[in-house]
Amino acid sequence: MPEVTTNTNQIKKTKKLKLDFSNSKYATGKRKSSIAKIWLKNGTGNFYVNGLKMNDYFKRPTHQMNITRPLEITNVKDSFDVKCSVKGGGMSGQAGAVIHGVTKALILHDENLKKILKKEKFVTRDSRVVERKKYGHRKARRSFQFSKR
């Protein structure tokens, strides 16, 4: 994509990378309303999210640390390349979906890693989602102010 210039400020668009991930393990991860598709293959430790480097997509250091955590715990961070496509929800939900997907892909690659990852509670899908709004209430549980007199 070419650079886009406006009168008020300059916006640089980074070019999405074309990646070859044939002969890789595929898994999906979910968190809140986010869904992540993960491809894991032998490589040098590169991590791509939606065609961008992980650091360019997830700006917060906490998200960057959490996403690579399953790879660090199993000591395989530098031996796999990860490509993921994530959509829906916000950044925290997307990061959680990527973590879940990477964990499932690692287990598909090597079943012996499941015990380590289960101890750190990465294997189980976090099923917490936003509670729906109820009628007669302002929010899910918050009611309108009540006046006795």
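How do the residues of the lining of the largest pocket divide into nonpolar, polar and charged, and what does that lining consist of? In this predicted model, the lining comprises three nonpolar, seven polar and five charged residues. The largest pocket itself has a volume of about 240 Å³. Of the 15 residues that line it, R31, A95, G96, I99 and D126 are the closest to the centre of the pocket. Three elements each supply at least two residues of this lining, namely strand 3 (25-31), helix 2 (61-73) and helix 3 (91-109). Helix 3 gives the most, contributing five residues.

Two of these elements also pack against one another. Packed helices are described by the angle between their axes and the distance between the axes. For helix 2 and helix 3, the axes come within 8 Å and cross at roughly 10°. Because angles under 35 degrees count as roughly parallel, helix 2 is assigned as roughly parallel to helix 3. On the side of helix 2, the contact is formed by H63, N66, I67, P70 and L71. The partners on helix 3 are M91, S92, A95, V98, I99, V102, T103 and L106. By class, the residues of this contact divide into nine nonpolar, four polar and no charged.

Aromatic pairing was examined next. A pair of aromatic rings is described by the distance of the centres and the angle of the planes. The structure holds two aromatic pairs. One of them is formed by Y26 and W39, with ring centres 5.2 Å apart. The planes of these two rings lie at 50°, so the pair is classed as tilted. Y26 belongs to strand 3 and W39 to strand 4 (residues 34-42). The two residues are 13 residues apart, and the pair links distant parts of the chain.

When neighbours within four places in sequence are left aside, A140 is in contact with E131, R132, K133 and K134. The C-alpha atom of A140 is separated by 8.9 Å from that of V130, a residue 10 residues away along the chain.

Methods. Residues are numbered from 1 along each chain as its sequence is written. This is a predicted model: local features need pLDDT of at least 70, side-chain atom pairs count only at pLDDT 80 or more; totals for chains, interfaces and linings use all residues. Side-chain values use heavy atoms; hydrogens and water are left out. On a 1 Å grid over the protein atoms alone, a cavity is a set of points where a 1.4 Å probe fits but cannot get out, and a pocket is an open set with protein on both sides within 12 Å along at least five of seven lines; lining residues have an atom within 4 Å of a point. Grid points are joined across faces, edges and corners, and a volume is the space filled by probe spheres set on the points. Helices (H or I, at least four residues) and strands (E, at least two) are DSSP runs, numbered from the N terminus. Ala, Val, Leu, Ile, Met, Phe, Trp, Tyr, Cys and Pro count as nonpolar, Asp, Glu, Lys and Arg as charged, and the others, Gly among them, as polar. Axes are lines fitted to C-alpha atoms, for helices over the stretch in contact, and angles run from 0 to 180 degrees between N-to-C directions. Angles under 35 degrees count as roughly parallel, over 145 as roughly antiparallel, 65 to 115 as roughly perpendicular and the rest as oblique. Contact means heavy atoms within 4.5 Å. Rings of Phe, Tyr and Trp (its six-membered ring) pair if their centres lie within 6.5 Å; planes under 30 degrees apart count as stacked, over 60 as edge-to-face and the rest as tilted.
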